[in-house]
Amino acid sequence: MKRRTLVAASATSLLPLAACAEPQQGSFTPAPIVPVVSMDAVDDHDPAQPFNLSVVDGIFEEVNVTSDRSKTIEGTLTEDLTAWSSSGVLDAGSVHTVAAKAVSTDGTVTEFEQQFSTQRREGSGFAVADVTPIVEGETVGVGAPIIVFFTEDAPDRAEVEKNLVVESELGHEGAWHWISDSQAIYRTKEYWQPYQKVTFTANFEGVFLGGDTWGDENHESVMEIGRSQVSHADLETHHMTVKFDGEVEKEIPISGGSGAEWEYYTATGVHLVMEKFAQKTMVSPGKEEGDEGYYSTPVNWATRINSSGEFVHGAPWSVGSQGNANVSHGCLNASESNAEWFYGIAQRGDPVDVTGSPREMPWDNGWGFWIKSWDDWKSGSALEG
């Protein structure tokens, strides 16, 4: 009984003290403002339709969208930074990852990440038909272009070009130049660095290419760049200097086009080796048997350097003029032994720079792509500017 009384008393005696004490100083912490991000894209999204992100109680700091084909999807933010919409057409049959960061007025950050897939589309048949001069096991020269032929006309050159990729082991600067809707050519600003691999890829599978066309399948080709073999044929000195990796390897006495007729001048400008024949019959262009000036002459060790009939080839009949005078119909005549040597080392894409003639070679005569200035070449790109 005493124990209970004491406890009660203690409790009673505390009451006046509590009533007279000063009020405790408390603090109020408001709840954080958490941004909420939402997206309207779900699996099986129509790739031709945009998708949208929005945020409540905050603004977007970052929005990054990538596909499983290593592409970045572009988009635009509203002025108040509370909404984002994708731009352009998405890849079909692809998984897209959306990552966003939003922040509220009190600094609270929300990080959002979500994936969705797009519907598949049947390919129209648009694909790469051929790539020249890429052949398995072949080594090409430092001036080699990449000439791509497509199975059909490009519905939109820019959309197609966006998906053409050229990568080199040692780095380079290059550009596409469209010849027609079904052919595009890639050239570098400077010659390729030798001794490296160059990979061309067309990323077409499930890709929108303009109009109602979707890409059919991807394509990859690997080009092997060999030794730098650059030749300078001087029609005034009647010699061709061949350099290996920048060092003079051989001086070849030659006889160029006589100029007796305009077409008998060897054209000036950078030619490229295109093909070669151990034996070939040279026939006068545009003439038939019986016409004045017609000829049909078999030659050995013929290395073609343009489409209109210019070759480096053996010409035993003009050895006395080689190194002294120009007497050919436009080809670069050399002795049998020198022509055979050149034939043996020649790689498709090796530059042969001809100077000293009043006749200029058109840039589209064979592979005369180096005749164009770099700015002119780039102007042929569907993406330039």
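Visitor: Which residue takes a positive phi in the hairpin of β17 and β18?
Guide: That is Asp245, with phi near 50°. Two residues lie between the strands of this hairpin. Bear in mind that this is a predicted model.

Visitor: What makes β17 and β18 a pair of strands?
Guide: Pairing needs at least two bridges found by DSSP, and β17 and β18 have six, in the antiparallel sense. Phe244 stands opposite Glu247 in β18.

Visitor: How do you know that β16 and β17 pair as well?
Guide: The cut-off is again at least two bridges; six join β16 (residues 229–234) to β17 (residues 239–244), so they count as a pair, and they run antiparallel. Ala233 has Met240 in β17 as its bridge partner. Their hairpin has four residues between the strands, and His238 there takes a positive phi near 65°.

Visitor: Why is Ile59 called partly exposed?
Guide: Its relative accessible area is 34%. Buried would mean under 20% and exposed over 50%, so Ile59, at 34%, falls in between.

Visitor: What makes β8 and β12 edge strands?
Guide: The open sheet has the order β8-β10-β13-β12, with antiparallel pairing. β8 and β12 each pair on one side only. The twist averages 20° from one strand to the next. Six bridges join β12 to β13, and Gly174 has Thr188 in β13 as its bridge partner.

Notes. Residues numbered from 1 in each chain as written. Predicted model: local features only at pLDDT ≥ 70, side-chain atom pairs only at ≥ 80, totals over all residues. Heavy atoms only, no water. Buried < 20%, exposed > 50% of the residue type's maximum accessible area, 1.4 Å probe, protein only. Axes fitted to C-alpha atoms, helices over the stretch in contact; angles between N-to-C directions.
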